[in-house]
Amino acid sequence: MWVLRRFVVAPAMIALTVAVWVTLPLWLIVAAALAPVLPGRWRALRLLWMLVVYITIESVLLVVLLGLWLAAGFGRRIRTPYFEGIHYDLVQGVMWVLFAEARRVLALKIVTDGPSPDAHPGTPIIVACRHAGPGDSFTLIHALMDWYDREPRVVLKNTMAWDPMIDVILHRIPARFISTQPQRGHDLDAEIRELATGLDANDAFVIFPEGGNFTPDRRRRGIERLRKLGLERMAQRAERMTHVLAPKPGGLLAALDAAPDADVVLVAHTGLDHLVTVRDLWRELPMDKVLVMRWWQVARDEIPADRDERIDWLFGWWEQIDEWVNENRPQDLSRGRSRRKAAT
């Protein structure tokens with residue numbers, strides 16, 4: 001499949017970008033005509049511009065990545081520390097541009113609540129984040145790199161590899177694309193242990209223990225899965241959590257075993273919920289809002305050593321995250337409501 005992604009999807013993305021720029025005046029006229037009849041302040045124009053920004057960044061970066069591959073001896077040195085550092089700088093730059101435009105065009109503000117960016121310096125961290133929409137991965141990576149000065153190692157679903165920019169760059173820095181339905185005999189935990197091994201002082205291993213975006217159907221299936229495994233007590237705890245999915249502990253436990261010196265940071269957020277379908281993105285992509293990200297850092301000596309106790313510990317944190325999400329909803333800035341001081 002990588003051949004299809006690299007030699008068909010990536011060139012098609014560049015061709016699409018050129019076509020959009022050539023016909024952009026027409027798209028602007030259509031968006032402006034639709035703006036008065038659609039909900040939101042100039043929603044169509046603002047979304048159009050963010051789309052243009054994204055595909056332009058993607059296409060430019062694909063050309064840059066090709067140049068780096070050639071400069072690295074047709075890829076022979078692409079995984080060396082020198083080129084790995086360049087790729088991390090590119091990721092940070094892309095995130096900075098995207099979020100600068102989101103603040104400017106969408107009037108989006110992000111508040112971080114929790115440990116300050118210089119908390120526990122020199123300590124590797126394992127970041128376990130609630131998963132509730134396609135925007136949360138971008139927001140988390142931006143926060144880790146731009147505010148916390150960390151180099152993330154990310155575990156994400158293999159469907160994300162169909163985005164050409166993400167596909168190429170995450171195959172050149174420490175990351176893993178995994179399937180939620182692996183083939184028989186495939187050891188996902190071993191892959192995660194390998195990725196989490198050797199974390200240094202500025203690394204952040206990132207994992208989403210729920211395994212997918214929150215939907216009511218996934219929540220129901222997760223509870224049923226626990227019952228089929230005979231874990232009735234865990235199923236009952238999962239039923240009481242209404243904003244998050246029951247966490248799948250295997251990956252996080254594997255990372256804890258592979259990185260015995262790492263603290264754990266748990267992350268929850270509001271404002272990116274329910275963005276699952278294209279219709280959701282159109283209707284509910286946050287504009288004129290304050291998004292809140294809550295961080296909790298747990299020192300390594302506070303994490304149980306026993307496997308069963310660690311699973312119970314993880315469920316306890318997910319119950320706390322569920323309660324926090326229930327109590328914190330995104331603020332709407334477009335209707336004159338009070339604005340919170342935002343860290344952006």
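How much accessible surface does the protein have, and what share of it belongs to carbon and sulfur atoms? I got about 17300 Å², with 59% on carbon and sulfur; the areas are Shrake-Rupley values with a 1.4 Å probe, and for residues only the protein chains shown count as cover.

Ground rules for myself. This is a predicted model, so local features need pLDDT of at least 70 and side-chain atom pairs count only at pLDDT 80 or more, while totals for chains, interfaces and linings use all residues. Residues are numbered from 1 along each chain as its sequence is written, and side-chain values use heavy atoms, with hydrogens and water left out.

**Overview.** I counted 12 helices and eight strands, taken as DSSP runs numbered from the N terminus (H or I, at least four residues, for helices; E, at least two, for strands). Of the 344 residues, 50% are buried. My cut-offs there are under 20% relative accessible area for buried, over 50% for exposed, and partly exposed in between (1.4 Å probe, protein chains only). I also looked at contacts (heavy atoms within 4.5 Å): of those between residues at least 6 apart in sequence, 78% join residues at least 24 apart.

**Cores.** A nonpolar core here is a set of buried Ala, Val, Leu, Ile, Met, Phe, Trp, Tyr and Cys residues joined through side-chain atoms within 4.5 Å. The largest one has 54 residues, and Val127, Leu140 and Trp295 have the most contacts inside it. Helix α3 (residues 43-71) gives the most to this core, 11 residues. A second, separate core has 45 residues, including Ile192, Leu199, Ala246 and Val298. I then checked Leu140: beyond its neighbours within four places in sequence, it contacts Val127, Cys129, Val206, Phe208, Val267, Met293 and Trp295.

**His142.** I found His142 in helix α5 (residues 135-147). Is it buried or exposed? His142 counts as buried, at 2% relative accessibility. Leaving out residues up to four places away in sequence, His142 touches Met95, Trp96, Phe99, Arg103 and Trp147.

**Salt bridges.** With a side-chain nitrogen of Lys or Arg within 4 Å of a carboxyl oxygen of Asp or Glu as the rule, I get 17. Asp167 and Arg5 form one, with the closest N and O atoms 3.1 Å apart. Asp167 lies in helix α6 (residues 164-170) and Arg5 in helix α1, so the pair ties together parts 162 residues apart in sequence. Asp167 is buried at 1%, and Arg5 is buried at 13%.

Next I looked at Arg233 and Asp312, whose side chains meet in a salt bridge (3.5 Å, N to O). Arg233 is in helix α9 and Asp312 in helix α12 (residues 307-327), so this pair ties together parts 79 residues apart in sequence. Arg233 is exposed at 52%, whereas Asp312 is partly exposed at 32%. I also noted one network, in which salt bridges that share partners join Asp217, Arg220, Arg221 and Glu224.

**Arg237.** Helix α9 (residues 232-240) also holds Arg237, which is buried at 9%. A polar contact of 2.7 Å joins the side chains of Arg237 and Glu319. For that term I use N or O atoms within 3.5 Å; within protein, one must be able to donate a hydrogen and the other to accept it, and residues adjacent in sequence count only if both atoms are side-chain atoms. Not counting residues up to four places away in sequence, Arg237 touches Asp312, Phe315, Gly316 and Glu319.
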